[in-house]
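Okay, thanks for coming, everyone. Let me put the model up on the screen, and then we'll walk through the sheets, the cores and a few side-chain pairs.

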Amino acid sequence: MAALALLPACVEANTVTPVALLSLTVTPHTVSLDAFGDTARFTATVRDQHGQQVVGGTTEWTSSDLAVATVNAEGLVRAAGNGTATISATSDGATGTAMVAVAQVAAQVTVTPGNVQFASLGRSAQLAGTVHDANGHALAGVGVTWSSSDTAVATVDASGLVRPVANGRAAVRATSGGLNGLSTVIVEQVAATVELSSPGDTILVTDSIRLRASAFDADEFTIPDAPFRWVSSNPEIARVNEDGHVTGISLGRAEITAYADDASGSVPVVIVPYPEDLVLKVLYDATNGDLWQ
């Protein structure tokens, strides 16, 4: 009977007291991220009523604003948008929190398109300047200022609209803070039409005239110092040199053409004989009139 009396006391002495979870701490307490896509890892530490760390439990992570930051099951936080979010960790009823602040910082400026080429002076091109964070995500609402390295070649207005002025090359710069992005602008007029001017449409045999050519781009702007290639349709009647000088060789008709790029212009020339009275005058002058007595 004595042994039986002692049994409840022994059972009571071997009862295990359950652990009470009193605190959960999230570290670090605050994290700042300056680019979308940047990450930070948070750690949850659980302690019992004796202040001893409890390991092996399951921790659930949540974010108060997924548009600002997401968090996975391991406590890895990823920046998604500017703002602040509270990161919470929960384990067996104990909860701890930390804060993440996302504020993009400008890291680079890009300009699109990066290269612009003009074949005519009457055109324009719209550039776009974008400010990005370190991971290449655009900063909303951040503008740029525009400038051209050579306004004699190309100008740019406050909206990034580029207009060609003359043949050459210029760099158009978009600036934000101390950051710059560039677009290379090349102006190289291409001839669309060629016009010829002539002092006359007839040439005396062995005489010559000078033709002049002008080239124009697709918007009818003159192309200064345009090079021309001169061709005669019949060199046995009329010859033309590289400067547009046409010389009559024999009687007949020929077409003189000036080429610039893929454009061309032509004029007809007719080679005619000397008038009889002019021939007589030439002979008279050549002999000082001695044979005309």
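Let's start with a sheet of three strands: it is open, runs in the order β13-β17-β16, and its pairing is antiparallel. On terms, helices (H or I, at least four residues) and strands (E, at least two) are DSSP runs numbered from the N terminus, and two strands pair if DSSP finds at least two bridges between them. At the edges sit β13 and β16 (154-156), each pairing on one side only. β16 and β17 (residues 161-164) are joined antiparallel by three bridges, and Val 156 has Val 162 in β17 as its bridge partner.

A word on where this comes from: this is a predicted model, where local features need pLDDT of at least 70 and side-chain atom pairs count only at pLDDT 80 or more, while totals for chains, interfaces and linings use all residues. Residues are numbered from 1 along each chain as its sequence is written, and side-chain values use heavy atoms, with hydrogens and water left out.

Now the four-stranded sheet. It is also open, ordered β12-β19-β18-β15, with mixed pairing. β12 (115-118) and β15 (145-148) are the edge strands with a single partner each, so one side of each has no neighbour in the sheet. Ignoring direction, neighbouring strands here are turned by 20° against each other on average; the axes behind that are lines fitted to C-alpha atoms, for helices over the stretch in contact, with angles running from 0 to 180 degrees between N-to-C directions. Inside the sheet, β18 (residues 168-176) and β19 (residues 179-187) run antiparallel, joined by nine bridges, and Val 172 stands opposite Ser 183 in β19.

Ser 176 touches Val 109, Val 131, Val 142, Gly 143 and Val 144, leaving out residues up to four places away in sequence; a contact is heavy atoms within 4.5 Å.

On to the cores. A nonpolar core is a set of buried Ala, Val, Leu, Ile, Met, Phe, Trp, Tyr and Cys residues joined through side-chain atoms within 4.5 Å. The largest has 24 residues, and Trp 230, Val 246 and Ile 256 have the most contacts inside it. Strands supplying at least two residues each include β20 (193-197) and β27 (252-260). Apart from that lies another core of 21 residues, among them Leu 24 and Trp 61.

Next, how many salt bridges turn up in the whole structure? Two, counting a Lys or Arg side-chain nitrogen within 4 Å of an Asp or Glu carboxyl oxygen. In one, the closest N and O atoms of Arg 123 and Asp 219 are 2.7 Å apart. Arg 123 is in the loop between β12 and β13 (125-126) and Asp 219 in the loop between β23 and β24 (229-232), so the pair ties together parts 96 residues apart in sequence. Glu 255 also bridges to Arg 253, at 3.7 Å.

Last one: the search finds one aromatic pair. Phe 228 and Trp 230 are tilted, 6.4 Å centre to centre with 50° between the planes. Rings of Phe, Tyr and Trp (its six-membered ring) pair if their centres lie within 6.5 Å, and planes under 30 degrees apart count as stacked, over 60 as edge-to-face, the rest as tilted. Phe 228 is partly exposed at 23%, while Trp 230 is buried at 13%.

Definitions and conventions. Buried < 20%, exposed > 50% of the residue type's maximum accessible area, 1.4 Å probe, protein only.
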